[in-house]
Amino acid sequence: MNNSEAKSAIFASIRQNLAASLPFDAAHHAHHAPKDSTFTTPVLPELSTENLIENFRKNLESVGGNFSIVYDESEAAEILLMMIGEKKARKIAVSDSPLVEKIVGFLKMDAEFIENASADRLFECDLGITGAQWAIAETGTLVLESESERHRLASLVPPVHVCILEAGQIRQTLGEILELVQQSLSRTITFITGASRTSDIELTLAIGVHGPGELIVILIDKTEEAEN
Amino acid sequence: MKISLFITCLVDQLCPQVGKATVEVLRRAGCEVVFDERQTCCGQPAFNTGYRTEARKFAKRFIEIFEESDADFIVSPSGSCTAMVKHFDELFAEDENWRSRAARIAAKTYEFSAFLVNVLKIEDTNASFSGKLTWHDACHGLRDLNVRDEPRKLLKNVRNAEFVELKNADVCCGFGGTFAVKYPEISVAILDNKIAEIEKSGADAVVACDASCLMQIGGRLSRLGSKAKPMHIAEILAAQE
Amino acid sequence: MEHLTAETFDQNARAALADTQLRGALKNLAVTFGERRQAAIATVENWEDLRERARSIKDETLAHLDKYLTDFADNAEKAGAQIHWARDGREACAIVLELLKERDATKIVKSKSMATEEIHLNAALEKTGIDPVETDLGEWIIQLAGETPSHIVVPAIHKTKGQIADLFVEKVGIEKSDDVDVLTKTARRILRTRFAEAEVGISGVNFGVAETGTILILENEGNIRLTTSLPKTHIALMGIEKVVPRFTDLDVFLKLLPRSGTGQRLTTYQSLITGTKRNATDEGPAEVHIILMDNGRSRMLAHPTTRQSLACIRCGACLNACPVYQQIGGHAYGSVYPGPIGAVITPQLVGIGKTKQLPFASSLCGACREVCPVKIDIPELLLHLRAEIAEGVTETSTHKFSEKLAFGFYSFAWSRPEFYKLGTKISRLLQKFVAKDGKIGKTSGFLAKLAPPLGAWTAWRDAPTVAPKSFREIWKSDLENK
């Protein structure tokens, strides 16, 4: 495959065609020029952590996500224990996030926690636990960066995904998050908004087609504790 | 205020009463109305079928005729033909002179209902019509000229009439010029959705700003023996029933 | 199953119109997606500004496509991706085949990609004995059925759950159920075994960021994440128009695309992939290959009108809004890209010769332009292509001679008032033979043959007659001096 030949041919064609367009551009522009000057990003009020949490919760729940709020890691562990019991999960895939490790460390139970599972073993897991690096309140979205956490499969393959989030990680808008993650861009970033879904059959919603059918977020808000 | 009428060929030949009504409403509003008999067609059929050379001839002729007039505005009882005039400059992408002449003519050309409301600032024409009215948004008036509220304001002020909104008022009637005869089955399938809603509305008259849509809708209503009649907005606004 | 072609659009459309099940599905689509879209765009205050912004980003990119493509390729390579260039679909297929051969790979999973549909990649792979598995539920269904997608976003919209249930009974041997959950779970179960063994994953790309070399892929199901995470090798096929300059430009497109396509504020998953993994022990494929494909795209840069086609982000909103698509569905277009955007892209991609009907398959109502998130003036494009066909800029020798003659005559006569008036008089004379009660009813036989448009019109609609007195006559007699 002579790739450099194809590449130069494509670039030559791009330049040649753009040049051919020049005589027509002005007239077209007069009719169709985007009125870009009008574009302004709406200025949002500074939101308190409380507001951000509330917005996140509301939007997460609107896409079918499950939300609980706790004030520390040990309380998170209690909730987690309850959920694992409820789901009767025996094999649990976990990410390598220190927060997840710490919380899982609190759990006294005979389920198997598997970090860095092979594909075969992942397919046998009943539940996956990860953290997240950021969350977007306006859409109820979790943002996971591959270089902060080994999240790609644990958050995807098991039928239930539990994500442990900290209050300080929430931002209101997608735009803020894009700026933040760009500062040190992980090789893979995953945005997750709700459970896996499809409407491919008669536009009827079905949940859990390839990814998890359930998304559970446990939010740790330590300011809660201070107030308590 | 002096108005030069652009009457369009469909109105001229098939429904001259619409042109007459247009003149009546404009005169009642205090306008001086003139009509240049040299005008024929704006060339839209050619333009829409891809015959730009022909369309350009029509455009030049139109521009030359209306440039001679000292009228303040050009008013037409058709959203579609008005939109065509607004497209004239696109026919002269490489001819700065004709392009600017086209733009000048386009700037003073108005669809009838938009002219009444936006230029003359008239929302009540003292019309009276007994019956139930509904409105069909002709696509070019709606999407090329952005005429949406103007006709509704005018129709809601017609005495004795009841205005009902069609559920699919802003959906195409399936006319589309040569489309209606190139793909008649698709055209009529689209049309039948419109007809179903008109029947559901119980309207006595379906009103629009374009003779072409009215020909399409009316042709089907007539074939199906419906009680609903197609009427141009000028006819309603001129009515004194 | 035999695939329809664009050459027989008129026949395809007639068959579709007779298919009541299809028309029911299309009605559901138009209503459901229409309402969802309306609700979703109401959640942003500056929708119109966003559209303008998106379009200006696309315009800026396309005007300097060489620069942004270079940046994209350089930055993706820096991050470890391997870049390949394909002038056309044949070259792109050959690159994929070569990559598979080098890796001795035969177990392939695919996620939904219009670009791979465009170049018929599956057919090319199947010829060499490789059977790639489509993993998007809708794509898998039509792959099992041996059909083609009929919609950009919901490829199997033309099928009922009953038909899908029968298909699953036949092809995967489940007990018949038309419970959508059961069908979905069946797909999950079976496709998981395919994912587990897959050696190569093939995906498309929604956006490529020049500044960082990142590719962004959107989805709801999770099959794209599996396709791009599990196999050792990931191959992404990307049209050269998919590039955007800056990483933060994604903000605008992520607000527009899901809202326009499925009426969601955001699809369930976005994968932002920049090159390969940093450490061998990290998760994910060892190799990422990005094939940058032209396949007729650079030609569209040659005019500002056609260039707009390259701004398309494949949301499908124009299909859902189009009254023609709503009646006939996607297959009638006989091309990978159906609906209004298909009617303008297909003739440009594959040549106008065999797709001449498509630009005329529109009433020019403009509903597509109104919903397009990047403000593509599709009616303007349709008219541009109609002009190319009518005026013979491209291969049009077979364009109907009679039509050309008619328009030549019309332009001669109707631009001269005396001929125009004579025409009116002749019509009045002629209609005496066909008109009754001031209208023309169903015209058949000789007359319909003599004037086919009259026959086509009156088959379903009464035609009006020329008035006894034209407006210009009334003006002279009654109005002028009043």
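Reader: What percentage of the 482 residues of chain C count as buried?

Author: A residue is buried if 20 or more other C-beta atoms, placed from the backbone, lie within 10 Å of its own, exposed if 12 or fewer, and partly exposed in between. By that criterion, 57% of the 482 residues of chain C count as buried. The model is predicted, with local features requiring pLDDT of at least 70 and side-chain atom pairs pLDDT 80 or more, while totals for chains, interfaces and linings use all residues. Residues are numbered from 1 along each chain as its sequence is written, chains are lettered from A, and ligands are numbered from 1, in the order in which they are written.

Reader: Why does Ile389(C) count as buried?

Author: Ile389(C) counts as buried because it has 23 C-beta neighbours inside 10 Å. Ile389(C) belongs to helix α18 (residues 378-390) of chain C. Its C-alpha atom is 9.1 Å from that of Pro359(C), a residue 30 positions apart from it in sequence.

Reader: How many helices and strands does chain C have?

Author: Helices (H or I, at least four residues) and strands (E, at least two) are DSSP runs, numbered from the N terminus. Chain C has 23 helices and 13 strands. Along the principal axes, its C-alpha atoms fill a box of roughly 90 × 55 × 45 Å.

Reader: How many residues of chain A are in contact with chain C?

Author: Two residues are in contact if their C-beta atoms, placed from the backbone, lie within 7 Å. On that basis 63 residues of chain A are in contact with 80 residues of chain C. On the chain A side, α1(A) gives the most, with 17 residues. For the classes, Ala, Val, Leu, Ile, Met, Phe, Trp, Tyr, Cys and Pro count as nonpolar, Asp, Glu, Lys and Arg as charged, and the others, Gly among them, as polar. The side of chain A that touches chain C has 26 nonpolar, 23 polar and 14 charged residues.

Reader: In which sense do β9(A) and strand β9 of chain C pair?

Author: Two strands pair if DSSP finds at least two bridges between them. Here β9(A) and strand β9 (residues 269-274) of chain C pair in the antiparallel sense, over five bridges. Within this pairing, Thr188(A) stands opposite Ile273(C).

Reader: How many residues does the contact of chain B with chain C take from each?

Author: It takes 52 residues from chain B and 51 residues from chain C. The chain B side divides into 26 nonpolar, 12 polar and 14 charged residues.

Reader: Into which domains is chain B divided?

Author: Domain bounds come from an automatic or database domain assignment. Chain B is divided into domain 1 (2-117) and domain 2 (124-238). The C-alpha centres of the two domains lie 22 Å apart, and their contact takes 28 residues from domain 1 and 24 residues from domain 2. On the domain 1 side, α2(B) gives the largest share, seven residues.

Reader: At what angle do α7(B) and helix α9 of chain B cross?

Author: Two packed helices are described by the angle between their axes and the distance between the axes. Axes are lines fitted to C-alpha atoms, for helices over the stretch in contact, and angles run from 0 to 180 degrees between N-to-C directions. The axes of α7(B) and helix α9 (residues 149-156) of chain B come within 8 Å and cross at roughly 80 degrees. That makes α7(B) roughly perpendicular to α9(B); angles under 35 degrees count as roughly parallel, over 145 as roughly antiparallel, 65 to 115 as roughly perpendicular and the rest as oblique. Among the residues of α7(B) that meet α9(B) are Leu116(B) and Val117(B).
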